[in-house]
Amino acid sequence: MPFPLRRARGAMRALRRLGRLARRLRGWVDVCRRRDTHSSAEEQLETKSKTKLQKKICQVVLSHFEKQYSKELGEVWNSISQVLSTPQCWQYAVLLNKFNFSSEVENDLRLKGYRLIFPETSSCFRQSLKCYISSSPGRFPAQKHRAGKLKEYYLLNAASVLAVLALEVENGEKVLDMCAAPGGKSIATLQYAWPGLLHCNEYDHLRSRWLKQTLESFIPESLMSLITVSQLDGRQIGNLQPEGFDKVLVDAPCSNDRSWLFCSDTQQATLRLAQRKALSAIQIQLLRSAIKALRPGGSLVYSTCTLSKVENSDVVTHILDSCSNVCPVDMSALASSASQEFTLASGVQQHELLVLPERGKAWGPMYVAKLKKM
Ligand SMILES: C[S@@+](CC[C@H](N)C(=O)[O-])C[C@H]1O[C@@H](n2cnc3c(N)ncnc32)[C@H](O)[C@@H]1O
């Protein structure tokens with residue numbers, strides 16, 4: 001072979017080797033980057049809960065809540081306030097992942113005194129939705145992300161499961177989770193049933209990334225085709241996809257009483273309290289959009305994690321009074337099963353539940369209401 005040709009071939013081989021090396025390096029950097037985003041979202045959450053145990057109550061928020069909730073809830077507010085102000089008595093439920101079921105984890109939970117939230121005898125029992133709770137405070141260790149391996153369980157406030165049970169998703173139905181991040185209720189919905197489509201929407205960019213990570217960590221690749229994710233203002237979805245869904249969950253942005261009580265920045269807390277009044281207008285707009293997105297005969301669940309009447313029953317009453325195409329759905333059967341494990345507020349209507357945190361049952365605050373489109 002002439003010398004110049006041999007040199008050219010040698011150079012080509014070297015170039016190909018370099019290309020392969022670069023591709024391998026790029027893949028490795030991607031894996032590291034993915035690991036980084038996973039761990040950063042999780043680590044932030046972990047650090048947040050750890051520091052909450054050490055953090056102080058935000059007095060501005062506490063005195064605002066004292067005024068409002070002692071008026072709205074009466075004496076019961078004193079014991080609720082005690083629970084909310086003492087993270088040491090908070091409890092966490094463990095939702096097992098049916099897509100990576102671990103009997104080892106289940107046995108460990110039982111050994112540690114956990115039990116199924118709804119036993120087989122309960123009308124709320126669902127074989128596929130295994131949510132374990134314990135009467136003692138504390139939490140089962142959180143699972144770190146492991147590349148290529150699904151997580152075995154998700155830690156959550158047990159009251160969140162009530163919103164999913166209230167939605168009563170049937171296999172094959174089209175479901176919209178309008179405000180989905182970080183994804184707890186989407187994951188619980190997929191444990192409960194096999195929807196034909198689950199559309200998870202989250203407006204906030206960072207939280208939307210967190211939502212995608214949660215879905216990736218719990219749902220096998222083969223089922224990802226059933227799930228779509230968008231980053232829209234939920235208020236637009238009704239116009240974009242009218243009558244597109246059988247069920248809609250509106251787990252609305254709200255005052256988040258538990259978290260606001262531990263706000264470390266007084267200025268931020270004061271601002272939040274001032275802007276609190278605007279929340280009910282957004283919640284009403286989200287609900288109007290959800291109604292548009294529902295097919296006639298479909299139903300929606302509205303939930304919040306606040307005790308505030310203005311953001312809960314007042315919002316739902318406003319919708320019922322102003323939308324002639326929706327009616328309330330009786331949830332008294334769910335309420336009666338749930339009353340075994342949850343402390344429910346008395347004096348609410350049949351289409352609503354309000355979970356009040358209590359020592360030994362430190363679940364909630366969680367408000368759940370159900371409406372049907374006619
Ligand atoms: C209570 S959280 C949802 C929790 C979630 N459903 C879960 O179970 O993990 C409410 C979410 O609504 C999002 N949000 C706020 N405004 C929104 C809007 N206009 N449209 C859609 N999502 C919104 C917030 O960023 C927040 O992530």
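A residue is called buried here if 20 or more other C-beta atoms lie within 10 Å of its own, exposed if 12 or fewer do, and partly exposed in between, with C-beta atoms placed from the backbone. With 24 C-beta neighbours inside 10 Å, A181 therefore counts as buried. The model is a predicted one, in which local features need pLDDT of at least 70 and side-chain atom pairs count only at pLDDT 80 or more, while totals for chains, interfaces and linings use all residues. Residues are numbered from 1 along each chain as its sequence is written.

**Ligand shell**
- The ligand is surrounded by 19 residues, and C179, G184, Y203, G234 and D251 are the closest; a residue is near a molecule if its C-beta atom, placed from the backbone, lies within 6 Å of it.
- At least two residues of this shell come from each of helix 6 (184-192) and helix 8 (234-240), where helices are DSSP runs of H or I with at least four residues and strands are runs of E with at least two, numbered from the N terminus.

**A181**
- A181 sits in the loop between strand 5 (174-177) and helix 6.
- Leaving out residues up to four places away in sequence, A181 touches E202, D204, R207, S208, W210 and L211, contact being C-beta atoms, placed from the backbone, within 7 Å.

**G184**
- G184 belongs to helix 6 and counts as buried because 21 C-beta neighbours lie inside 10 Å.
- With residues up to four places away in sequence again left out, G184 touches Y154, L156 and S160.

Methods
Two residues are in contact if their C-beta atoms, placed from the backbone, lie within 7 Å.
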